[in-house]
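User: Please take a close look at the sheet in this structure. How is it put together, and what lies against it?

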Amino acid sequence: MSHLLDYKGRLQAFCTAENAVCPKCLQSTNMHIFENYDSAVILAFPVGKFSPRYFALCPLCAGSVMLTKEEAEKIKGGDKDIFGNLESMKKEESDV
Ligand SMILES: [Zn+2]
């Protein structure tokens with residue numbers, strides 16, 4: 001949990017998606033959405049071709065997923081199905 005707290009120190013909490021399904025471990029949990037305000041923290045993530053500003057962190061597996069601004073806004077608006085259809089997860093699959 002310690003590194004999760006470390007992230008929280010540099011990321012601004014955006015919202016919490018209660019009872020969302022983590023795309024990494026597929027467990028139902030409260031996903032924490034953060035907005036990045038420190039570009040250095042991006043180095044801790046496997047950043048692809050774009051520079052995401054939003055991340056979802058799973059408290060169960062400590063996994064992180066990148067979110068587009070649109071996805072983050074939808075999650076904040078209550079659309080939790082978006083976790084099963086994230087752009088960053090699609091990119092990972094297409095690279096295989
Ligand atoms: Zn997880």
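Analyst: The model is a predicted one. On that basis the protein chain has 3 helices and 4 strands. Read from the N terminus, its elements follow the order α-β-β-β-β-α-α.

The 4 strands form an open sheet in the order β1-β2-β3-β4, and the pairing is antiparallel. Because β1 (11-21) and β4 (64-67) each have a single partner strand, they stand at the edges, and one side of each has no neighbour in the sheet. On average, neighbouring strands are turned by 25 degrees against each other, direction ignored.

The pairings can be followed across the sheet. Between β1 and β2 (residues 28-36) there are 8 bridges in the antiparallel sense. Ala13 has Phe34 in β2 as its bridge partner. Phe34 in turn has Phe55 in β3 as a bridge partner, and β2 and β3 pair over 4 bridges, again antiparallel. β3 is then joined to the antiparallel β4 by 4 bridges, where Ala56 is partnered by Val65 of β4. The hairpin of β3 and β4 has 6 residues between its strands, and Ala62 in this hairpin takes a positive phi near 60 degrees.

What packs on the sheet is helix α2 (residues 69-76), which touches β1, β2, β3 (54-57) and β4. The direction of α2 makes about 60 degrees with that of β1.

Apart from neighbours within four places in sequence, Ile33 is in contact with Phe14, Cys15, Thr16 and Ala17, with Tyr54 and Ala56, with Leu67, and with Ala72 and Ile75.

For the chain as a whole, buried residues make up 24% of the 96 residues. Of the contacts with a separation of 6 or more, 49% are between residues 24 or more positions apart.

Conventions. Residues numbered from 1 in each chain as written. Predicted model: local features only at pLDDT ≥ 70, side-chain atom pairs only at ≥ 80, totals over all residues. Pairing = 2+ DSSP bridges. Helix = DSSP H or I, 4+ residues; strand = E, 2+ residues; numbered from the N terminus. Axes fitted to C-alpha atoms, helices over the stretch in contact; angles between N-to-C directions. Contact = placed C-beta atoms within 7 Å. Buried ≥ 20, exposed ≤ 12 C-beta atoms within 10 Å, placed from the backbone.
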